[in-house]
Amino acid sequence: MKQIIAGILAHVDAGKTTLSEALLYSSGSIKKIGRVDNGDAFLDTDAMEKKRGITIFSKQAELQFGDTKMTLLDTPGHVDFSAEMERTLMVLDYAVLVISASDGVQAHTQTLWRLLKRYEIPVFLFINKMDQPGTERETILLELKKQLSDGCIDFTKLGAGTEEAQENEKSSTIMEEIAMEDETAMESFLETGRIAGEQIREMIVQRKIFPCFFGSALRNAGVDTFLQGFDRYTLGPEYPDGFGMKVFKIARDEANNRLTYLKVTGGTLKVKSPLSNADHVRFGEEVWEQKVNQIRIYSGTKYELINEADAGMVCAVTGLDHTYPGQGFGIEAQAETPVLEPVLHFRLILPEGVEPAVMLPKLRQIEEEEPELHIVWNEKLQEIQIQIMGEVQTEILKSMIAERFGVEVSFGPGKIVYKETIADTVEGVGHFEPLRHYAEVHLLLEPLEPGSGIVIDTDCSEDVLDKNWQRLIVTHLKEREHIGVLTGSVITDMKITVIGGRAHTKHTEGGDFRQATYRAVRQGLKQAQSVLLEPYYEFHIAVPQNMVGRAMTDVEKMHGKFEGPYQEGEAQVLRGIAPVACMANYQKEVTAYTKGLGKVTFRFAGYYPCHNTEEVVAQTGYDPERDLSHPADSVFCAHGAGFIVPWNEVPDHMHVEGRLLKKKEQQEEAPSGKKTKTYDPDHWIDIEEIDAILARTYHANKHEKGATKQWRTTKKVISGDNAPVKAVSKEEYLLVDGYNIIFAWESLKELAAVNIDGARGKLLDILCNYQGIKKCNLIVVFDAYRVKGHQTEMLDHHNIHVVYTKEAETADAYIEKFAHENGRKYHVTVATSDGLEQIIITGQGCHLLSAREFEREVEAANQTLRETIDGMREKSSNHILGDALKQLTDEKIQLQNS
C-alpha cells in the first residue's frame, strides 16, 4: 500500500473543508459529514474557526481507500493565513486544488498555482459546487486552460480510470489531450491508440498534466470518482536510506506541550532517539541535542501514540524546544524563504498594568507557531509591533492572546511594511580599532532585480584576507537584518560582496569583524542612492461595462498600472498592480458604487519603488545619525588611543585600498596618459632617512661641548626601485618593540592597565637613560595607524627616536623589514619576546634580547649610572653638588620603577 501525503488548497469559500469532510466520509474514516456553517466539521475544531466559519490552522487526518493510505492536510484558504498554508507545501507529495465552479479562477487561486509550481508539487483539481446554476463544465475547463495550464484535463471521462475504461475511450479526445502534452505519450497513442496508466502517472508527477474532477462536496457528488482516480493515478514516493526529516509546523496542545509537526523523509524516527541541529545550524544559533518523548499521529483532535515513524509519515513529536518551521534534519536541507510575507504592521496596545517586558516573551510562543507574525520590539518608540498579512489576523490574535494568557489586547491602526534598496553600486568600508582590537572590512553593494532579496557573495583573494576571516564576515552579514538609512526599514534586492579587509595577527578577535562588517554595510548605504520600496497588490477588478471608466480613473489616482479593459462574461475587467497603501479599502468602494455587482480580488505582487517617498520619509522621522545601534562611523587608533572617524571621512583613513576608488583613479588617468600620484602601501622609511634623523640627534646627551660624530659611509647603489642608498659601517642599533615590552614588564603592565599613555611615557624615559649609558642608536617602535598616504612617522624624544608605524603596518612588520634590509650592514639588536618575530629576526643575522633579558640590561645600566655618580662624587671637591646629583639620580630611577 502506498503512503501519500496530500494537501487540500483553495481560495476562501471554495468548499475546501467541505471536500475534506466528504473524502473522510467516503473513505469510511468518519460516519457523518460535518458542515462548516454548523460548526461541526471534523477538521475545523478551534473555537475561532467555528465562529468565523473559516480554516485558520492546518489540520491532519488519516484515511484509506483502494491501495492508498493518505495523510490529508487541510490548509487555510483565507489570504491572511496564507503563510500557514505555504509552510505545509514543503511536505506534500500531491496537492488537491479546489476551485469553486461559480467563482472560477480567482487571484488567490493563481497565487496558489504559482506556489505549487515553485515547490514542484503534482496537482489534482476538484471543481466544486457544480450543482449551482450557470456552471458549465466546458466553459470552466476553457478557463482553467487559459488561466492555469493547457495540461488541465477532464479525467472524469476516463470513468474510474481502469484499463477497460481506457480501451473503451481509445478514440476519445481525452486521450488525445493527454498525448498532446508529451512526445513519448504521443508516440504511444499513435502506435497503440492508448496511453498506459504508468505513463500517465509519470506525466502527473512531472507536472505535464493536471487531472480535473467535477462534483459537489456538499452533496457528496463526484467524490467517489475523485477518490478512485486519485488512487489510480498517483505514485508512492521513494525515500532514501539515510535519516531525514522536515519540520513544517509548531503548535501546542491543550496541556501546553510544545508539538513539532514534521515529515520523516528518510530512515526511521524512534521514541527517545536523540536529535541535534549540528548538521544545519542557523547563524547565531547554538548547537543543541534533545530526545523525542512522544510520537503522535493526529487525525482531527485525536491522536495515536506510536513508537517509531517510518519515511513518508507525518507526525507530531514532543520534547523538542528549539525547532522551527522549515528546519531540516539529517539529509534534509533548510527550507527556502517563504514567498508570502506580511505587508502590514500594527502597534500592540496592552491594558493598563501589563508591562511589555512581561508580555513580549509570551508573544514569542505565538511567533514560534506563526513565524510570519514578525513580533518586533521597537526600542525607540518603546512599543511592541506585529507584522501580519491583514486585519482579519488581528482579530484572531486578540482571541489567541486572551485565551492563552488572559490578557485583552487591542491594536493600533495598520501601517505599511516598507523596505529599502539602492540604485547604484558603492563600496562600503568599516574599520574597528579601539586599543588592542583590529578589523577592517570592504563590501561591494550592488542593486538587484525586484524580488531578489539579499544575496551574499565573496570576491576577495586569500592573499588579501584569509578565508576564515572571509567566512566570518559572511556569517555576520547573514546573522541579522540590516536596515536602510531612509526610514530604518529592512534592506532587500541587493547583492553584498566581500571584496577586501584586513586583520591583525595579535589583536583581531571575532567580535572585531562583527563591528567592522555592520559599519561597512551602513557606511555603504550612507553613500548610496537609497530607494524606498513599498508592497504592491496585483488586482483583478470586474465591474459592469458602464462603470469601467470609473474603475480606470480610480486605479490611476491610486498610482496603479493596468492592462485592459477586456470582456469577461458580462463584466469588464481590469488587471494590474497598485500600492497596497492605496488599494487597502478599495473593495468596499467598488461594492458601493456598483451596488454589489463589482468584484475586486488581490494578491501580493512584491515590492516596488514607493510612490510617495518624501511623504513617508518625513512621517517616519528616522535619523540615521542618531541610530546608535546601527553606526556608520568607524573607529581608528593613533598613539595608543581610539578615535571616531565620521562615515564620509572613512575612505581617507582606511588601511586597505578601495577597489572602486582604484578603478576610478585608473579611469581618470587613462584619457590623458598622465600618472596620478597614489598611495603606495609598500613604501616605508629607508636607511638614508634614518641616518639623517640619527645624525641630527645622536649627540643629544653628550657633555663635551662641540663634540661631533662623523658617519663613515661608502657610496653604493643598491637594487630596488633604482634608489641610491648609503651603505653604512657597522654602527650599533637597538630596536625596541614598544608595546611588547610594556606588557612584558610587570611595572609597566600594571600602569598600562590604568593609563597606557603613562606606561608609554615611562618606558621612553627609561630608554633615554639606557641610551645615555650604552651610546647606541636606539629606536623604539609602536603600533600606530596614520592617515592614508602618510609615511612612517619618527619623532625625537630627547636622545632616542620613536617610530609610529605607517598605515596598517605593525611594529613587528616594521622591525622585520628593518632587520631584512640592514641586518648585515649594521649591528642590529632587537628587544622583543614575540616568538615568531624572534625566529624571523635571527634569520636576518640580528641579535636578540628577550623582554626579561632587556629588563635586566636596563637595571644593570641604572646600576652603572649610580656607580658613575658615586665615583664623580669621590673625585669632586664639591660634595654638596655630588650628593645632590646622586639624590636626583636615585629619585629619578625610583620614580621610573614605581
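This is a predicted model: local features need pLDDT of at least 70, side-chain atom pairs count only at pLDDT 80 or more; totals for chains, interfaces and linings use all residues.
Two packed helices are described by the angle between their axes and the distance between the axes. Helix H3 (residues 82-89) packs against helix H4 (residues 107-118) at about 25°, and their axes are 10 Å apart. Angles under 35 degrees count as roughly parallel, and H3 and H4 are therefore roughly parallel to each other. The crossing of H3 with H4 is right-handed. On the H3 side, the contact is made by Ser82, Met85, Glu86 and Leu89, which meet His108, Leu112, Leu115, Leu116 and Arg118 of H4. By residue class, this contact comprises 5 nonpolar, 2 polar and 2 charged residues.

Across the whole structure, 26 salt bridges are found. One of them joins the side chains of Arg219 and Asp131, with an N to O distance of 2.7 Å. Arg219 lies in the loop between strand S7 (210-214) and helix H10 (223-232), and Asp131 in the loop between strand S5 (123-128) and helix H5 (137-147), so this pair ties together parts that are 88 residues apart in sequence. Arg219 is exposed, at a relative accessible area of 60%, whereas Asp131 is partly exposed, at 38%.

A further salt bridge pairs Lys774 with Glu857, whose closest N and O atoms are 3.8 Å apart. This pair links helix H23 (residues 756-774), which holds Lys774, to helix H26 (residues 851-875), which holds Glu857; the two residues are 83 residues apart. Lys774 is partly exposed, with a relative accessible area of 40%, and Glu857 is also partly exposed, with 28%.

Salt bridges also form a network, which links Arg252, Arg258 and Glu368.

Terms used:
Residues are numbered from 1 along each chain as its sequence is written. Side-chain values use heavy atoms; hydrogens and water are left out. Axes are lines fitted to C-alpha atoms, for helices over the stretch in contact, and angles run from 0 to 180 degrees between N-to-C directions. Helices (H or I, at least four residues) and strands (E, at least two) are DSSP runs, numbered from the N terminus. Angles under 35 degrees count as roughly parallel, over 145 as roughly antiparallel, 65 to 115 as roughly perpendicular and the rest as oblique. A crossing is left-handed if the near helix is turned anticlockwise from the far one by less than a right angle, and right-handed if clockwise. Contact means heavy atoms within 4.5 Å. Ala, Val, Leu, Ile, Met, Phe, Trp, Tyr, Cys and Pro count as nonpolar, Asp, Glu, Lys and Arg as charged, and the others, Gly among them, as polar. A salt bridge is a side-chain nitrogen of Lys or Arg within 4 Å of a carboxyl oxygen of Asp or Glu. Buried means under 20% relative accessible area, exposed over 50%, partly exposed in between (1.4 Å probe, protein chains only).
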